[in-house]
Protein chains: 2
Amino acid sequence: MIELFSKKRYVMKIGIIGLGLIGGTIAKALNKKHSIIAYDIDKNSLEYAKKEAIIEDYYLDIDTFLKQNSIIYLCLYPHQIIDFFKVNKNKITPNQLFIEISGIKKVLIEQVNSLNIPNLNIVYSHPIAGREKSGVFYSDDQIFKGANYAIIDQQKNNSEDLDTAFILAKDMGFKNISLVTAEEHDEVIAYTSQLTHIISMSLVNSFDKNINLTHFTGDSYRDLTRIADINISLWTDLFTQNKEYLIKQISSFQKQLEYFKEYLEDDDIENLQNIMKNAFIKHQNYLKDR
Amino acid sequence: MIELFSKKRYVMKIGIIGLGLIGGTIAKALNKKHSIIAYDIDKNSLEYAKKEAIIEDYYLDIDTFLKQNSIIYLCLYPHQIIDFFKVNKNKITPNQLFIEISGIKKVLIEQVNSLNIPNLNIVYSHPIAGREKSGVFYSDDQIFKGANYAIIDQQKNNSEDLDTAFILAKDMGFKNISLVTAEEHDEVIAYTSQLTHIISMSLVNSFDKNINLTHFTGDSYRDLTRIADINISLWTDLFTQNKEYLIKQISSFQKQLEYFKEYLEDDDIENLQNIMKNAFIKHQNYLKDR
């Protein structure tokens, strides 16, 4: 897709459905080069975003919005995406491109496909960046700078639509933009994102002594629990819709914990140090690749 | 101990045995107010520290060092502390105060006690701050600013020695300085520090797909794996000497992971969301207390 960067670039008119944290951040990142029009059910969010120049303008009426926009970011929680298409499936035109941005793919794509939506062109993608806050008020396009973005390689997408999603991700500031299958995406995200959030919450929940914890924590505890402040509604969707891969990842992680426990119980210093060395080397390689 | 702060403060001459990351950082933090003299077996570290004004001066000979210093920070790994006392136990004088700073206490104190060292006054303490690097070259007294410090409340310490450890911790920049028993310390540290490191390493070790991970990670993965770069020799001491509490903490954490897995398997949304809410509330309370 590299050659596309040398093509003449136009200012595009881009619609955003759902002006929450990620919708707002996409708007903020793209509104510098392009013209961003938003739709949301919350007028406060829209007015705030317009006042702050996060968006160019907005519609409160979905029909007008859909008529006025040909490239549309769908920034809703997975279950809302299905609700949205159920209600609006017959208003979609063949010259429109939807770009979806949630954190899970396989089940969502199956659900959307089962709706048999006429005229739907949709690219599924995932900006792998976020904050432990929700709402357009916390929009911060710095979180996209140098971050990762995944685009789902579906046989039925035409390459022009994939290219559009790719170019706009570059415009937002993303660095590594990967084309992967829905399964590959969901499996690796179950590990890098979903398991990490489950670890963070489980860590918080696993201690119940009556002691002022804040006096006994260092950076490591603060770092590992930062993401325990989860958006419950969003993550319920993400966890349950990716439960197969997620359960496998939790099990694989549990096995590693079990090794530590066994080697400690057996005073098996050699094996204890071997897993420490393994982690060190794997993590060094990870840092080197970045 | 508060009234001590109003007492006239003197510049103290303070010795440091072991000029690694923490020894060097203590030196750096205290050398602004006091006069720091170091002992180490590595001459490079000592010369670097003198050149950088991290210390005032150093001795390469332990006998001279011990004769010249009355307040001595013992900045060695736990097993080195025992080795040190075995060799030098008869050179210690009754007017000396040792302040020990490692990350575990109960087993270490038992081991030191079993040596029956004549004249030994020692306060066990733990600056709860560190970096994923070792050596005096990475000394950075900013890591102590606002951080936590624990002092072990042993019946046999006199209050003047405890006060000295307390005042010097304040001088280093520590904010919350707690007096706890060795058991209380080891139990909470098994959770806030040791379990977190085991989680980080286990997370790194639990994925083995042939995929460029760096293209699919966000801040959460980077935060949770930061501390996987462990100092293997140091942490072998810390883990094995605190294995009882640590094994309990790993088990308690495993139970929490098991809940997630069960509720996901059973599509039990209500309970899934309950543990997410619990974590959210507990973490908010933790942040409020800080």
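Reply: Start with a cut-off: angles under 35 degrees count as roughly parallel. Keep in mind that this is a predicted model.

Me: Why are α4(B) and α5(B) called roughly parallel to each other?

Reply: Helix α4 (residues 78–88) of chain B and helix α5 (residues 106–114) of chain B have axes that cross at roughly 10 degrees. The cut-off is under 35 degrees. α4(B) and α5(B) are therefore roughly parallel. Their axes come within 10 Å. From α4(B), the contact uses Pro78(B), Ile81(B), Ile82(B) and Phe85(B). From α5(B), it uses Leu108(B), Gln111(B) and Val112(B).

Me: What kinds of residues make up the contact of α4(B) with α5(B)?

Reply: Six are nonpolar, one is polar and none is charged.

Me: What makes Gln241(A) count as buried?

Reply: Buried means under 20% relative accessible area. Gln241(A) has 13% relative accessibility, so it counts as buried. Gln241(A) belongs to helix α9 (residues 232–241) of chain A. Beyond its neighbours within four places in sequence, Gln241(A) touches Pro78(A), Ile104(A), Val107(A), Leu108(A) and Gln111(A).

Me: Why is Cys75(A) called buried?

Reply: Its relative accessible area is 11%. The limit is under 20%, so Cys75(A) is buried. Cys75(B) also counts as buried, at 11% relative accessibility.

Me: What makes β3 and β8 of chain B stand at the edges?

Reply: The open sheet of eight strands in chain B runs β3-β2-β1-β4-β5-β6-β7-β8, with mixed pairing. β3 (57–59) and β8 (176–180) each have a single partner strand, so one side of each is left without a neighbour in the sheet. From one strand to the next, the twist averages 25 degrees.

Me: How many bridges join strand β5 of chain B to strand β6 of chain B?

Reply: Three bridges join strand β5 (residues 97–100) to strand β6 (residues 122–128), and these strands of chain B run parallel. Glu100(B) sits opposite Tyr124(B) in β6(B).

Definitions and conventions. Residues numbered from 1 in each chain as written. Chains lettered and ligands numbered in written order. Predicted model: local features only at pLDDT ≥ 70, side-chain atom pairs only at ≥ 80, totals over all residues. Heavy atoms only, no water. Axes fitted to C-alpha atoms, helices over the stretch in contact; angles between N-to-C directions. Helix = DSSP H or I, 4+ residues; strand = E, 2+ residues; numbered from the N terminus. Parallel < 35°, antiparallel > 145°, perpendicular 65-115°, else oblique. Contact = heavy atoms within 4.5 Å. Nonpolar A, V, L, I, M, F, W, Y, C, P; charged D, E, K, R; others polar. Buried < 20%, exposed > 50% of the residue type's maximum accessible area, 1.4 Å probe, protein only. Pairing = 2+ DSSP bridges.
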